[in-house]
Amino acid sequence: MTTNNKLFIAVNSAMLFALGAFATPAAVSYACAETSTFICVQTDSTSTVDVQPVFPGGQTAMMKFIAKNMRYPYEALDNGIGDRILVLFVVDKDGSITNVKTVKTAQELAEKYIQTLKKKPNKKQTARILKAYEALTDEAVRVISAMPNWQPGTQKGQPVRTRYTVPVTFRLQ
């Protein structure tokens with residue numbers, strides 16, 4: 001692996017929904033920020049909550065937080081693997097981030113990646129691919145879990161628990 005590869009990490013918060021009710025995608029807004037890595041955030045402006053949860057300082061601040069705190073995992077870097085990891089979490093009534101998990105497991109993501117390969121990998125290669133995906137999912141969960149408290153979403157003026165999904169893309173350029 002050459003060390004002059006540029007890292008690209010994209011963060012999309014395209015799916016917002018209150019607990020138990022899916023938000024319909026509608027007007028979508030984009031914001032981009034360039035720091036040591038390049039990050040783009042896509043947000044869905046519609047949900048079943050009256051007021052969406054907000055990261056302290058807004059979307060740009062969230063992009064900067066992720067850019068500053070995200071580390072491309074060595075296992076994925078060494079194997080030339082990048083992918084989109086959907087991270088689901090809950091912004092609690094007090095704004096804390098809870099229940100952070102990936103929508104698909106590392107195993108599911110690795111299997112999908114292996115299906116795209118022209119040549120089927122041997123057991124050792126398959127284990128390396130799985131380890132790379134475990135590192136990617138762990139890193140995406142780690143960074144989202146480390147976020148500071150948000151301003152919670154509200155329904156009829158009362159703070160409510162709100163699910164938030166952020167697709168995080170790791171890509172080598």
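**The chain as a whole**

Please keep in mind that the model is predicted. The chain is built from four helices and nine strands. Starting at the N terminus, these elements follow the order β-β-β-β-α-α-β-β-α-α-β-β-β. Of the 173 residues, 43% count as buried. Among contacts with a separation of 6 or more, 77% are between residues 24 or more positions apart.

**The largest pocket**

Two elements each supply at least two of the lining residues: strand E5, residues 84-91, and helix H3, residues 106-116. E5 gives the most, with three residues.

**Helix H3**

H3 deserves a visit of its own. Which residues of H3 are buried? They are Ala-106, Leu-109, Ala-110 and Ile-114. These four lie on the same side of H3, because they cover an arc of only 135 degrees around the axis. On the face turned away from that buried side, H3 carries exposed residues. The table sets out both groups.

| Group in H3 | Residues |
|---|---|
| Buried | Ala-106, Leu-109, Ala-110, Ile-114 |
| Exposed, on the face turned away | Lys-112, Gln-115, Thr-116 |

Leu-109 is one of the buried residues of H3, whereas Lys-112 is exposed. What do the buried residues of H3 pack against? Their partners are E5 and helix H4, which spans residues 123-145.

**Strands E5 and E9**

That brings us back to E5, which contributes to the pocket lining and is packed against by the buried residues of H3. E5 also pairs with strand E9: eight bridges join the two, and they run antiparallel. Within this pairing, Val-90 stands opposite Arg-163 in E9. E9 covers residues 162-172 and is mostly covered itself, with eight of its 11 residues buried.

Taken together, E5 is a handy landmark for finding your way around this model: look from there to the pocket lining, to the buried residues of H3 and to the antiparallel partner E9.

Definitions and conventions. Residues numbered from 1 in each chain as written. Predicted model: local features only at pLDDT ≥ 70, side-chain atom pairs only at ≥ 80, totals over all residues. Heavy atoms only, no water. Buried < 20%, exposed > 50% of the residue type's maximum accessible area, 1.4 Å probe, protein only. Pairing = 2+ DSSP bridges. Arc of directions from axis to C-beta. Contact = heavy atoms within 4.5 Å.
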